[in-house]
Amino acid sequence: MGPQAVYQDDNARPHRARVVNDFLQQSGVNRMEWPACSPDLNPIENLWDELDRKVRSNLPPPRDVRHLYQMLQAEWQALPQRIFTTLVNSMKTRCVECHNSQGGYTHY
């Protein structure tokens with residue numbers, strides 16, 4: 001991650017547990033101040049949505065959990081690098097929009 005990395009989470013209770021806080025502090029990991037319940041900033045939500053659409057477009061649909069797992073793996077591997085790059089590059093804009101809306105709605 002490097003010395004300038006900042007850890008990002010969504011304030012969910014498991015992410016804010018004492019054991020997690022202690023580990024991050026002992027490891028010297030900086031944590032981003034994060035508005036409560038704000039998935040708008042987290043680009044992984046967009047990635048999950050893309051993966052969901054890809055899996056749902058498969059016909060026939062998955063037969064069972066094992067088949068779903070296989071489909072998810074195949075679709076993940078097939079995602080173009082540009083999707084990841086675009087999401088990473090959107091972080092500054094996401095944060096600025098969230099700040100400007102005082103933690104409210106953003107177009108993400």
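How many aromatic pairs does the structure hold? It holds 2. Rings of Phe, Tyr and Trp (its six-membered ring) pair if their centres lie within 6.5 Å; planes under 30 degrees apart count as stacked, over 60 as edge-to-face and the rest as tilted.

Some ground rules come before the details. This is a predicted model, in which local features need pLDDT of at least 70 and side-chain atom pairs count only at pLDDT 80 or more, while totals for chains, interfaces and linings use all residues. Residues are numbered from 1 along each chain as its sequence is written, and side-chain values use heavy atoms, with hydrogens and water left out. Helices (H or I, at least four residues) and strands (E, at least two) are DSSP runs, numbered from the N terminus.

Take the aromatic residues now. A pair of aromatic rings is described by the distance of the centres and the angle of the planes. Trp48 and Trp76 form a tilted pair, at 6.3 Å centre to centre and 40° between the planes. Trp48 lies in helix 2 and Trp76 in helix 3 (residues 65–78), so the pair ties together parts that are 28 residues apart in sequence. Trp76 also pairs with Phe84. Their ring centres are 5.5 Å apart and their planes stand at 75°, so this pair is edge-to-face. Trp48, Trp76 and Phe84 form one aromatic cluster.

How accessible are these rings? Buried means under 20% relative accessible area, exposed over 50%, and partly exposed in between (1.4 Å probe, protein chains only). Trp48 is partly exposed, because its relative accessibility is 45%. Trp76 is partly exposed at 33%. Phe84 is partly exposed too, with a relative accessible area of 22%.

Next comes the packing of helix 2 against helix 3. Two packed helices are described by the angle between their axes and the distance between the axes. Here the angle is about 115° and the axes are 10 Å apart. Axes are lines fitted to C-alpha atoms, for helices over the stretch in contact, and angles run from 0 to 180 degrees between N-to-C directions. The crossing is right-handed; a crossing is left-handed if the near helix is turned anticlockwise from the far one by less than a right angle, and right-handed if clockwise. Helix 2 brings Leu47, Trp48, Leu51, Lys54 and Val55 to the contact, and helix 3 brings Leu68, Met71, Leu72, Glu75 and Trp76. Contact means heavy atoms within 4.5 Å. By class, this contact has 8 nonpolar, no polar and 2 charged residues. Ala, Val, Leu, Ile, Met, Phe, Trp, Tyr, Cys and Pro count as nonpolar, Asp, Glu, Lys and Arg as charged, and the others, Gly among them, as polar.

Now look at the core. The largest nonpolar core has 5 residues: Leu47, Leu51, Leu79, Ile83 and Leu87. Such a core is a set of buried Ala, Val, Leu, Ile, Met, Phe, Trp, Tyr and Cys residues joined through side-chain atoms within 4.5 Å. Helix 2 (43–56) and helix 4 (81–89) each give two or more residues to this core. Leaving out residues up to four places away in sequence, Leu79 touches Leu47, Glu50, Leu51, Lys54 and Phe84.

Helix 4 also packs against helix 5 (residues 91–100), at about 35° with the axes 4 Å apart. Leu87, Val88 and Asn89 in helix 4 meet Met91, Lys92 and Arg94 in helix 5. This contact has 3 nonpolar, 1 polar and 2 charged residues. Thr86 is found in helix 4 as well. Thr86 is exposed, because its relative accessible area is 52%. Thr86 and Pro43 lie 43 residues apart in sequence, with 9.5 Å between their C-alpha atoms.

Back to helix 3, which holds His67. His67 is buried, because its relative accessibility is 13%. Beyond its neighbours within four places in sequence, His67 is in contact with Pro61 and Pro62. Pro60 sits in the loop between helix 2 and helix 3. The peptide bond from Leu59 to Pro60 is cis, with omega near -5°.

Helix 1 (residues 18–27) is hardly covered, with 1 buried residue among its 10 residues. Pro14 lies in the loop between strand 1 (6–7) and helix 1. Pro14 is exposed at 59% relative accessibility. Its C-alpha atom is separated by 22 Å from that of Leu47, 33 residues apart along the chain.
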